[in-house]
Amino acid sequence: MAELDTSSGGGKKGGGKVRSKKQSTRVDLTAMVDLAFLLITFFMLTTTLAKPQAMDLAMPDKDEENKEAKLDIADNRTMTILLGNKNRIEWYIGLVDKPLTAPTVTNFGKEGIRKSLIDKNKEVLKMTGNPKKGLIVLIKPSDKSNYRNLVDILDEMKITNVQTYAIVDISDPEKELLKRDGIY
Amino acid sequence: MPKVKVPRKSTAIDMTAMCDVAFLLLTFFILTATARQPEPLPVDTPSSTVKIKLPQTNMATLTVGDGKIFFGVAGQPVRVRLLERMSDRFKIKFTPEETKRFSLMESFGVPIANLKQVIAMSGDERNKAGVQKGIPTDSTDNQLKEWILQARYATKEINNEEMRISIKGDAKEEYPTVKNIIDILQEQNINKFSLITSLEGAE
């Protein structure tokens, strides 16, 4: 194993008999190799892991010219998520004036919005019977929400595998709803 | 006949070759690693579970934090071309020396009238908090829009590829600031862009 032979050469003992004495110039490189590989690992990981992650986001096209040409979608497939203040969210299904599911205040995380998203997505898929026609989520961030909330909710879309979602401006009745429930 | 004494072989292996390889690789990684540039506007990006890496070329980054917006575009030739275009557009002349210094700046956040002063500053001064006040985005003087537009032209001219835009926002940034940027981008029919996030730890 690791050894460092520091005995001073064979000298003039004559003859080629004492072979082992020739190794005297060898230095043990184990520690050096250890260090080198440690540094390699460090540089490899920092160069690849330091690159920031990018979340692609496609916004709905703003067609200013023909505003009437809008796609109608079934209200029982539409879930609206309102982002309020202090990392709280409120969601409902259907239209704001006659929601099919009463607005619920919840929070981010496993037990909060994710559970509702997964449940509702399953329900809608069962109802339509078409794997391409899942839940449609409208994300409406209010002025009181922050950027982290937006990224978190987009992340939830990826996690719960909701295919159709869009970021839409919040409307006044929805602001009222948030105010009523004290999260605006 | 006396016994032939078999010399006991040492278990030490010759590590010279291994050491050579290790240091060769080490040198390679050190040289290819780019030193992290200090940022004039440090932001704390929110975490997410996405694992798509951000491309490094043909990319403009909008850094948002504290209500201020900073702009940066990748690639030195693109930056040179961008400054030329901007100086035409705003009738401000830049010397070749200033252009060169500008091409080395990762990102900046000042109105174009003050750009000369920022270019003249040293790297340390430039990155001090509060020196750069952000690019104006008001409807009367929307310089950010101009920067984005000219950067797209410049990228197209130099690399003949579309420029992609990424938004690097601070987690605590209020939504209206972000919305403002998204609106500016949508005005130019950019409906696809990336949000920069950091990697989320396992839950």
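Which residue, with a positive phi, follows helix 3 of chain A? In this predicted model, local features require pLDDT of at least 70 and side-chain atom pairs count only at pLDDT 80 or more, while totals for chains, interfaces and linings use all residues. Residues are numbered from 1 along each chain as its sequence is written, and chains are lettered from A and ligands numbered from 1 in the order in which they are written. The residue in question is Asn161(A), with a phi near 60 degrees.

Chain A contains 4 helices and 6 strands, assigned as DSSP runs (helices, H or I, at least four residues; strands, E, at least two) and numbered from the N terminus. From that terminus on, the order of elements is α-β-β-β-β-α-β-α-β-α. Of the 184 residues in chain A, 26% are buried, a class that requires 20 or more other C-beta atoms within 10 Å of a residue's own, with C-beta atoms placed from the backbone (exposed, 12 or fewer; partly exposed, in between). Contacts are defined by C-beta atoms, placed from the backbone, that lie within 7 Å. Among the contacts in chain A with a separation of 6 or more, 60% join residues 24 or more positions apart.

Helix 3 of chain A spans residues 147–160. Its 14 residues extend 20 Å from the first C-alpha to the last, close to the 20 Å expected at 1.5 Å a residue, where the expected span is 1.5 Å times one less than the number of residues. The helix is mostly covered, with 10 of its 14 residues buried; among them are Tyr147(A), Leu150(A), Val151(A), Ile153(A) and Leu154(A).

Helix 2 (residues 110–128) of chain A packs against helix 3 of chain A at an angle of about 45 degrees, with the axes 10 Å apart. Axes are lines fitted to C-alpha atoms, for helices over the stretch in contact, and angles run from 0 to 180 degrees between N-to-C directions. The two helices are therefore oblique to each other, since angles under 35 degrees count as roughly parallel, over 145 as roughly antiparallel, 65 to 115 as roughly perpendicular and the rest as oblique. In this packing, Ile113(A), Arg114(A), Leu117(A), Ile118(A) and Asn121(A) of helix 2 meet Glu156(A), Ile159(A) and Thr160(A) of helix 3.

Between the chains, 37 residues of chain A are in contact with 43 residues of chain B. Helix 1 (30–49), strand 1 (53–58) and helix 3 of chain A each supply at least two residues of the side of chain A that touches chain B. Helix 1 of chain A gives the most to this side, with 11 residues.

Technical notes. Contact = placed C-beta atoms within 7 Å.
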